[in-house]
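Student: Could you take me through one part of this model closely, namely its salt bridges and the surroundings of the side chains that form them? I would like the cut-offs spelled out as you go.

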Amino acid sequence: MLSDGMLGNKAILLALSSLTTGNLNSKIQKTTRPFTMKDVLPSTHEYIVPPLTKEQQQEQANKQLLAFLATRPGSEAYLKE
């Protein structure tokens with residue numbers, strides 16, 4: 001059997017991270033922040049999930065800010081897309 005290199009490693013890392021995070025998240029309290037792949041396998045996170053571009057980072061920051069502002073009661077009248 002031949003090794004398929006990066007594709008095989010990526011598949012193994014995805015399977016390992018999903019099993020590990022699922023196992024850890026099943027044992028934590030509901031009020032705590034869940035584990036993510038970045039928490040469990042930080043050195044391989046950039047290998048699997050490429051970093052965001054500047055535009056994508058700005059768009060994500062804008063969406064997070066809008067989501068935060070939307071939690072304020074009565075904010076629907078002021079938020080327009």
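Tutor: Buried means under 20% relative accessible area, exposed means over 50%, and partly exposed lies in between, with a 1.4 Å probe and protein chains only. This is a predicted model, in which local features need pLDDT of at least 70 and side-chain atom pairs count only at pLDDT 80 or more, while totals for chains, interfaces and linings use all residues. Residues are numbered from 1 along each chain as its sequence is written, and side-chain values use heavy atoms, with hydrogens and water left out.

The structure holds 2 salt bridges, a salt bridge being a side-chain nitrogen of Lys or Arg within 4 Å of a carboxyl oxygen of Asp or Glu. One of them joins the side chains of glutamate 59 and lysine 63, at 3.3 Å from N to O. Both residues belong to helix α4, which covers residues 54–70, and they sit 4 residues apart, about one turn of the helix; helices here are DSSP runs of H or I with at least four residues, strands are runs of E with at least two, and both are numbered from the N terminus. Glutamate 59 is partly exposed, at 45% relative accessibility, whereas lysine 63 counts as exposed, at 53%.

The salt bridge between arginine 33 and aspartate 39 also has an N to O distance of 3.3 Å. Arginine 33 is exposed, with 61% relative accessibility, and aspartate 39 is partly exposed, at 34%.

Returning to helix α4, phenylalanine 68 is found there, and at 58% relative accessibility it counts as exposed. Together with Leu65, Leu66 and Leu69, Phe68 makes a nonpolar surface patch of about 380 Å². Patches are made of residues with over 30% relative accessible area and no salt bridge, where like charges are joined within 9 Å and nonpolar side chains (Val, Leu, Ile, Met, Phe, Trp, Tyr) within 5 Å; the accessible areas come from the Shrake-Rupley method with a 1.4 Å probe, and for residues only the protein chains shown count as cover.

As for confidence, pLDDT is the predictor's confidence in each residue, from 0 to 100. For the chain, the mean pLDDT is 81, and 86% of its residues reach 70 or more.
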